[in-house]
Amino acid sequence: MSDFIEIKNLVKRFDISGGLLEEIRFKGGIHRKKTVVHALNGVSFGIKKGETVSVVGESGCGKSTLARCVIRIYRPESGEVFYNGKRVDNLSSAAIKPWRAKMQMVFQDPYASLNPRMTVYQTLLEPIRFHFRDVSRSEADDRVAAVMKQVGVDPDWRKRYPHEFSGGQRQRISLARALAVKPEFIIADEPIAALDVSIQAQILNLFMDLQAEQGLTYLFISHDLSVVEHISNRVVVMYLGSLCEFAGTEQLYTAPKHPYTRALLSAIPQFGSEGFNHMRLPGDVPTPINLPSGCVFHGRCPHADERCRREIPAPITEADGRVVACHGVEEGRLEWL
Amino acid sequence: MQKQEPLLSVRELSVAFKMRGGVLTAVDGVSFDLDRSQRLGLVGESGAGKSVTGFAILNLVSRPGYIAGGHVFFEGRDLATFSEEEMRNIRGNRISMIFQDPMMTLNPVLTIGQQMVETLKAHRHISKHEAEKIALNKLQKVAIPSPEKRLTQYPHEFSGGMRQRIVIAIALLTSPSLIIADEPTTALDVTIQADIMELLLNLCEEEKMALLLITHDLAVVSQVAERIAVMYAGRIAELGSTEAIVNAPQHPYTQGLLKALPQKVERRKRLNQIPGSMPSLQERPPGCAFYDRCELRGEICHRESPRLVEKNAGLVACHMVKDTTGKEEK
């Protein structure tokens with residue numbers, strides 16, 4: 001089966017130099033210097049139809065930027081995004097409109113992502129009217145009631161405002177807004193991070209139920225590794241804007257290959273286990289402004305050698321189908337291989 | 001047998017907030033004990049009252065909130081009888097507090113050294129030089145590399161994990177007997193979270209400090225605490241040893257939380273969710289606050305609020321839990 005969503009070599013940089021005065025440097029004569037954040041450095045992977053692919057990594061690793069590039073909130077510097085074989089990253093704002101109805105996004109903060117001055121009805125009606133001009137008012141009303149029912153919010157509450165709902169209910173409404181235009185592909189950026197533990201399970205169940213009913217495809221961004229393990233078919237591990245490992249959930253969690261994946265998974269808080277035995281990484285995550293040479297992880301990797309400091313590792317597809325970007329894995333010199 | 005007096009004893013503590021629509025009781029008759037060098041975890045959802053409990057212990061609840069009742073005994077003395085000056089001798093000295101966001105605790109315009117010396121001089125009559133020596137020692141304890149150099153740096157020159165280490169070092173300065181840590185790792189990434197929690201655990205053991213760890217993360221608390229108190233809607237629903245809570249939770253809310261953990265069901269299958277959400281504390285229902293969401297609820301639960309009583313291996317506030325040890329209370 002070919003990939004439904006294909007992400008190829010995505011690169012995104014942000015210029016944060018500010019004004020002209022802030023760019024001027026006086027060291028060795030006067031010259032201008034731009035400050036650039038390297039948020040994504042050539043990330044590639046694919047998502048099959050009806051599948052959930054999750055992206056995990058620590059804050060600042062570029063997972064949210066990735067989500068926003070895929071749905072074209074950001075325009076990537078280079079690289080391509082294909083939707084069902086059609087390239088969508090280079091389309092104009094007008095030309096991408098029909099694709100936007102097929103791909104929708106759910107954001108992290110259900111307090112910030114709903115307009116406080118719009119009723120639930122208005123919030124849900126807007127995308128329908130925007131994407132389907134010829135839908136009649138009564139059809140649109142029916143659609144609003146239908147999506148509210150789907151996400152478990154009583155349609156009688158459609159005249160209420162966001163502040164009248166709890167966090168979990170608001171996230172249901174955010175999801176309803178995404179579903180209103182009958183999308184095939186949903187990008188969810190940390191959709192449960194702002195919710196309480198007892199509500200998280202409700203929203204995750206809702207995501208899984210909707211996928212089972214409607215065959216939705218998910219790109220799920222999360223830092224919660226236990227949740228990702230539960231809901232995903234495949235998982236992408238990112239570090240400092242680069243893909244480290246991309247593998248089936250079972251493969252990844254039972255036998256991670258990339259040294260960073262191993263460290264990350266070992267740090268998951270284990271319920272009911274006393275004390276700690278995670279892998280300690282030396283140092284801190286470097287800034288994405290001055291990327292390290294070679295492998296972005298080499299400064300913290302206990303297995304880094306001269307080649308890792310010099311040469312950026314290319315993602316290599318292994319015999320078992322997983323993708324790993326690590327010289328050590330390629331050379332077979334890591335002890336757990 | 002003579003039982004040692006607990007380090008901290010919270011008795012029927014209530015904290016209320018004056019709101020436009022009436023009075024909101026955020027903490028409603030909470031009682032627990034914490035022995036010397038013991039670690040207690042206080043878990044619950046947002047709004048359960050766990051942070052407010054932490055603040056109330058140090059009498060730090062500010063308007064419109066107020067302590068509506070109860071007592072806090074520290075080393076046997078009622079903190080309510082303390083003058084503001086005596087309280088200052090407790091806060092940051094005998095009891096230190098660590099907050100979620102290190103940038104909220106650290107002053108951005110002072111160097112780490114200045115802040116540490118300032119803290120020490122507020123509580124001890126010592127010279128600047130002596131204070132710096134203690135500061136250096138504590139920075140080494142929290143594993144900050146090249147501490148001499150670090151003393152002269154400002155908070156923005158440190159990463160998030162390093163800042164939280166510094167906050168811990170500041171908390172250690174006066175060798176307190178109790179640390180209250182309110183979500184100390186919530187703002188941090190998981191690899192750093194594990195490092196910080198391990199550090200905190202080791203320091204408590206080495207320095208014989210007691211720890212009150214306030215968090216929403218059951219997994220983290222189970223790795224660090226010896227006992228766990230589960231809070232729901234301003235009250236303690238269940239209190240017991242970590243082992244008992246992990247292996248044999250009694251309260252239906254605790255049971256629900258544990259059953260909802262993703263690792264409890266097969267991958268890609270529906271999770272066991274608890275229906276509904278926590279009731280608003282302004283309209284607390286007359287009976288058990290968990291009534292609407294409870295699978296075990298009976299007729300009495302709707303009428304009468306359950307008290308926290310000893311049942312089986314721990315304390316639980318639920319009418320429906322049977323005590324099988326043979327003791328009959330009430």
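**Exercise 1. Work out whether Val56(A) is buried or exposed.**

Solution. Start by counting: Val56(A) has 27 C-beta neighbours inside 10 Å, so Val56(A) counts as buried. The cut-offs are 20 or more other C-beta atoms within 10 Å for buried, 12 or fewer for exposed, and partly exposed in between, with C-beta atoms placed from the backbone.

Before going on, a word on the model: it is predicted, so local features need pLDDT of at least 70 and side-chain atom pairs count only at pLDDT 80 or more, while totals for chains, interfaces and linings use all residues. Residues are numbered from 1 along each chain as its sequence is written, and chains are lettered from A and ligands numbered from 1 in the order in which they are written.

Helices (H or I, at least four residues) and strands (E, at least two) are DSSP runs, numbered from the N terminus. Then look for partners beyond four places away in sequence: Val56(A) touches Ser222(A), His223(A), Leu225(A), Val228(A), Val235(A) and Val237(A). Touching, or contact, means C-beta atoms, placed from the backbone, within 7 Å.

**Exercise 2. Find out which way the residues of strand 3 of chain B point, and which strands pair with it.**

Solution. First, the sides: Arg39(B), Gly41(B) and Val43(B) point one way, Leu40(B) and Leu42(B) the other. In a regular strand, side chains alternate between the two faces of the sheet. Five of the five residues of strand 3 (residues 39–43) of chain B are buried, so this strand is largely enclosed by the rest of the structure.

Now the neighbours. Strand 3 of chain B pairs in the parallel sense with strand 8 (residues 210–215) of chain B over five bridges, and Val43(B) has Thr215(B) as its bridge partner there. Strand 9 (residues 227–232) of chain B also pairs with strand 3 in the parallel sense, over four bridges, and here Gly41(B) stands opposite Ile228(B). To pair, two strands need at least two DSSP bridges between them.

**Exercise 3. Describe where chain A touches chain B.**

Solution. Begin with the totals: 37 residues of chain A are in contact with 34 residues of chain B. On the chain A side, helix 7 (197–214), helix 8 (225–231) and helix 10 (259–266) each give two or more residues. Helix 7 of chain A gives the most, with eight residues.

Key. Two residues are in contact if their C-beta atoms, placed from the backbone, lie within 7 Å.
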